Amino acid sequence: MTTGSARSGRARRLSRSALLRSVLLPLAAVASALAVLVATGVVWPGRIFAHGYEVRGADVSSYQGEIDWPTFAGDDLDFAYIKATEGSSYVDEQFTQNWEHARDTGLFVGAYHFVSFESSGRSQAQHVIDTVGGDGGGPIAVDIGFYGDYFEDPPSREAVDTILAPLLEELTEHYGVPPVIYTTADAYDLYIAGAYPDSPIWIRSVVLPPDLNDGRGWTFWQYSHRDHRDGYDGEERYVDMNVFTGSRAELAALASVEPTDQTQAR
């Protein structure tokens, strides 16, 4: 036989259970919807933190396919970095077309080179110079990061220094300004921290604002790798988006003044 107190206790438990369901089910639905929005690039955490920066731009390669540069440039962009080269022989198949048309838009335009761990820094520098030519637009950017088997077995700092130091030296001598170094937090910690002080830092951090472990300021921040912009149609549906830490005038000055004057005050 069930007593009145037992029935009352069961009712309280059922009431608490119903209350929890009424709270948790909507939260689960919201979390699920948010996960879908993040996965499709509609919502991206870095955008929230990057919102307050005035100057923004994209970096592109052949993965974005044919780019309608007037349309692309008109979609809230101030600058564009275009992939030119990789290692000592590869040229991005869209580079020549992108380079020509981007520079007709009024954007601040620069070229970037993906660093190979398998060829010398001097040969890579010459490849950049031969491909980009004498006028590099904005400072050449060098992308230093892991690829292929190097994700699991990265080269030592000493090995990378023997490539990166002469690469930066040759490009600085040729173009008159130190290259920008683009990198991830992991590669920065392993290869860049505490060194190459003349090169502006372009750091990838797509969730939270960058915080470099040696206290150095950043100049460019890649805050999203899942953005949509008008004007391109390639196999990659997303485009990388970045902000610059200063003003448009300071961005333009990067091509002709010491880049260390442009880094973020910390």
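1. Helix α6 covers residues 157-175, which is 19 residues, and spans 26 Å from its first C-alpha to its last, close to the 27 Å expected at 1.5 Å a residue, the expected span being 1.5 Å times one less than the number of residues. Helices (H or I, at least four residues) and strands (E, at least two) are DSSP runs, numbered from the N terminus. Just after α6, Gly 176 adopts a positive phi of about 85°.

2. This is a predicted model, in which local features need pLDDT of at least 70 and side-chain atom pairs count only at pLDDT 80 or more, while totals for chains, interfaces and linings use all residues. Residues are numbered from 1 along each chain as its sequence is written, and side-chain values use heavy atoms, with hydrogens and water left out.

3. The buried residues of α6 are Val 160, Ile 163, Leu 164, Pro 166, Leu 167, Leu 168, Leu 171 and Tyr 175, where buried means under 20% relative accessible area, exposed over 50% and partly exposed in between (1.4 Å probe, protein chains only). Their cover includes β5 (108-114), α5 (121-132), β6 (141-144), β7 (180-184) and α7 (185-192).

4. Tyr 63 sits in the loop between β1 (55-60) and β2 (66-67), and is partly exposed, with a relative accessible area of 48%. Leaving aside neighbours within four places in sequence, Tyr 63 is in contact (heavy atoms within 4.5 Å) with Gly 234, Glu 235 and Glu 236. Asp 233 lies 170 residues from Tyr 63 in sequence, yet their C-alpha atoms are 8.9 Å apart in space.
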